[in-house]
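Q: Could we go through this structure together, one topic at a time?

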Amino acid sequence: MGELVEFIAKSLVDNPDQVKVNEVEDEKSTIIELKVADEDMGRVIGKQGRIAKAIRTVVTAAAIKDNKRVVVEIIQ
């Protein structure tokens, strides 16, 4: 799942080399932490959080086949 988030984020931002993804896994859930450059934060979140919500929806749909719960956090 981390690779998917990283691919989407690098496609959106101006500084793809500063995109960092960290995965923390439990038995039933995975937390994916996404870090981008400060100037790219607005591109990843989008107006009213629409892009962030779309990223979360795509990752959740991809995680259904693994029967896992995935949480995407955008952090600074």
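Predicted model: local features only at pLDDT ≥ 70, side-chain atom pairs only at ≥ 80, totals over all residues.

Q: Which pattern do they follow along the sequence?
A: The pattern along the sequence is α-β-β-α-α-β.

Q: What about the overall dimensions?
A: Taken along the principal axes, the C-alpha atoms fill a box of roughly 35 × 20 × 20 Å. A compact globule of 76 residues would have a radius of gyration near 11 Å, and the 12 Å of the chain agrees with this. That radius is taken over C-alpha atoms, and the globule rule is 2.2 Å times the number of residues to the power 0.38.

Q: And how much of the chain is buried?
A: Of the 76 residues, 26% count as buried. Buried means under 20% relative accessible area, exposed means over 50%, and partly exposed lies in between (1.4 Å probe, protein chains only).

Q: What is the accessible surface of the chain?
A: The accessible surface comes to about 5100 Å², and 49% of this belongs to carbon and sulfur atoms. Such areas come from the Shrake-Rupley method with a 1.4 Å probe; for residues, only the protein chains shown count as cover.

Q: Switching to helix α1, which residues are buried there?
A: Helix α1 covers residues 2–12, and its buried residues are G2, V5 and A9. Seen down the axis of α1, these buried residues fall within an arc of 65 degrees, so they line one face of the helix. The arc is that of the directions from the helix axis to the C-beta atoms.

Q: What does the face turned away carry?
A: On the face of α1 turned away from its buried side are the exposed residues E3, F7 and S11.

Q: What do the buried residues of α1 pack against?
A: They pack against β1 (20–25), β2 (29–35), α3 (50–63) and β3 (69–75). Contact here means heavy atoms within 4.5 Å.

Q: Then what about α3: which residues are buried in that one?
A: In α3, the buried residues are A52, I55, V59 and A63. Seen down the axis of α3, they fall within an arc of 70 degrees, so they line one face of the helix. R50 and K53, on the other side of α3, are exposed.

Q: And what do the buried residues of α3 pack against?
A: The buried residues of α3 pack against α1, β2, α2 (41–45) and β3.

Q: Back to α1 for a moment. What is L12 in contact with?
A: L12 lies in helix α1. Leaving aside neighbours within four places in sequence, L12 is in contact with R43, I51 and I55. L12 and R43 are 31 residues apart in sequence, yet their C-alpha atoms are 6.5 Å apart in space. L12 itself is partly exposed, at a relative accessible area of 30%.

Q: New topic: how many salt bridges does the count come to?
A: The count comes to 3 salt bridges. A salt bridge is a side-chain nitrogen of Lys or Arg within 4 Å of a carboxyl oxygen of Asp or Glu.

Q: Which residue does K10 pair with?
A: K10 forms a salt bridge with E6, with the closest N and O atoms 3.1 Å apart. K10 and E6 are 4 residues apart in helix α1, and about one helical turn separates them.

Q: What about D14?
A: D14 forms a salt bridge with R43, where the closest N and O atoms are 3.0 Å apart. This pair links distant parts of the chain, with D14 in the loop between α1 and β1 and R43 in helix α2, 29 residues apart.

Q: And where are K68 and E25?
A: Their side chains meet in a salt bridge (3.1 Å, N to O). The pair links distant parts of the chain: K68 is in the loop between α3 and β3 and E25 is in strand β1, 43 residues apart.

Q: Is E25 buried or exposed?
A: E25 counts as exposed, at 53% relative accessibility, whereas K68 counts as partly exposed, at 28%.

Conventions:
Residues numbered from 1 in each chain as written. Heavy atoms only, no water. Helix = DSSP H or I, 4+ residues; strand = E, 2+ residues; numbered from the N terminus.
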